[in-house]
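Visitor: How should I read a model like this one? Please go feature by feature.
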Amino acid sequence: MLTGNPVFDAFVRDMHGVMDVAGGDEALLLDRGRALVAALVADDGWLPEDYAQPHPEHFKQYVLHRDGERGFTVMSVVWNKGQSAMAHDHKTWGIIGQLRGAEREREYEDPVPGEPLKLRAETVMHPGDTCVVSPDTGDIHDVANAFDGVSVSIHVYGADLPSLADRRHRYEVATGEAIPVITTYY
Ligand code: FE2
């Protein structure tokens with residue numbers, strides 16, 4: 001958890017304000033929330049280095065904020081050169097902002113059992129860029145570090161991901177096979 005950081009504390013406060021205003025209107029929440037995340041990642045001076053250290057074997061998540069009551073989680077996700085995450089769903093809304101480096105994100109259509117995943121869009125995120133995921137508008141993507149060094153992105157989710165573990169999946173793109181996922185915080 002990251003506390004006592006004026007830039008980040010203001011972001012968390014503003015996100016709560018957006019959730020208050022949006023109520024159950026997810027489109028409004030993602031629109032306003034995305035602007036806040038874009039502003040947060042436009043400035044690369046606030047994230048302490050302790051939360052930006054890569055792991056040699058896999059991408060690493062650091063919890064920056066966790067609000068169990070409201071179901072709202074913010075993480076930094078750190079990718080060493082060459083690391084990636086296979087296709088997965090989230091089962092909650094999410095907003096992702098690129099803080100450092102670059103990440104290739106491929107979005108997929110909702111899965112059809114027994115068929116390969118269908119690519120919907122592919123983008124490379126650079127510092128200041130944002131993207132969203134949502135069960136309503138597109139919840140499956142895979143991510144790979146596209147930078148010749150460490151990449152860092154900030155992830156905001158509408159739920160505590162471990163509480164959703166028994167509903168989430170990873171996917172084999174070539175076959176569409178869904179594999180249950182257990183979310184862990186390192
Ligand atoms: Fe994801």
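**Reading the fold, step by step**

Guide: Helices (H or I, at least four residues) and strands (E, at least two) are DSSP runs, numbered from the N terminus. Residues are numbered from 1 along each chain as its sequence is written. The model is predicted, so local features need pLDDT of at least 70 and side-chain atom pairs count only at pLDDT 80 or more, while totals for chains, interfaces and linings use all residues; side-chain values use heavy atoms, with hydrogens and water left out.

Visitor: Which way does strand 5 run against strand 8, parallel or antiparallel?

Guide: Two strands pair if DSSP finds at least two bridges between them. Strand 5 and strand 8 (residues 140-145) pair in the antiparallel sense, over six bridges. Strand 5 (residues 103-108) also pairs with strand 6 (residues 119-125), again antiparallel and over six bridges. There, E107 stands opposite A121.

Visitor: What should I keep in mind about side chains on a strand?

Guide: In a regular strand, side chains alternate between the two faces of the sheet.

Visitor: How many helices and strands does the protein chain have?

Guide: The protein chain has two helices and eleven strands. From the N terminus, the order is α-α-β-β-β-β-β-β-β-β-β-β-β.

Visitor: What radius of gyration does the protein chain have?

Guide: The radius is taken over C-alpha atoms, and the globule rule is 2.2 Å times the number of residues to the power 0.38. For 186 residues, a compact globule would come near 16 Å; the protein chain has 16 Å, which agrees. Its C-alpha atoms fill a box of roughly 50 × 40 × 25 Å along the principal axes.

Visitor: What share of the residues counts as buried?

Guide: Buried means under 20% relative accessible area, exposed over 50%, and partly exposed in between (1.4 Å probe, protein chains only). By that rule, 48% of the 186 residues are buried. Among contacts between residues at least 6 apart in sequence, 74% join residues at least 24 apart.

Visitor: How do I check a helix?

Guide: Check its length, then its faces. The expected span is 1.5 Å times one less than the number of residues. Helix 1 (residues 6-22) has 17 residues and should span 24 Å; its end C-alpha atoms are 24 Å apart, which agrees. G23 follows helix 1, with a positive phi near 55 degrees.

Visitor: Which residues of helix 1 are buried?

Guide: An α-helix has 3.6 residues a turn, so residues three or four places apart point the same way. In helix 1, the buried residues are F8, F11, V12, M15, H16, V18, M19 and A22. They cover an arc (of the directions from the helix axis to the C-beta atoms) of only 160 degrees, which puts them on the same side of helix 1. The face turned away from that side carries the exposed residues P6, R13, D20 and V21. Cover for the buried residues includes helix 2 (26-41), strand 1 (60-67), strand 2 (72-79) and strand 9 (151-157).

Visitor: And helix 2: what span should its 16 residues have?

Guide: They should span 22 Å, and the end C-alpha atoms are 22 Å apart, which agrees. Its buried residues are L29, L30, G33, V37, L40 and V41. Down the axis of helix 2 they fall within an arc of 90 degrees, so they line one face. Helix 1, strand 4, strand 7 (130-133) and strand 9 are among the elements covering them. The face turned away carries the exposed residues A27, D31 and A39. A27 has a relative accessible area of 57%.

Visitor: Which residues coordinate the iron ion?

Guide: Donors are N, O and S atoms within 2.8 Å of the metal (3.2 Å for Na, K and Ca); water is not among the atoms, so sites may look incomplete. Here H88 (NE2), H90 (NE2) and H141 (NE2) coordinate the iron ion, at 2.1 Å. Their spacing in sequence is H-x1-H-x50-H. H90 lies in the loop between strand 3 (84-88) and strand 4 (94-100), and H141 in strand 8, so the pair ties together parts 51 residues apart in sequence. Both H90 and H141 are buried.

Visitor: Where does G149 lie?

Guide: G149 lies in the loop between strand 8 and strand 9. At 19% relative accessibility, G149 counts as buried. Leaving out residues up to four places away in sequence, G149 touches W79, N80 and K81. The C-alpha atoms of G149 and G82 are 8.4 Å apart, across 67 residues of chain.

Technical notes
Contact = heavy atoms within 4.5 Å.
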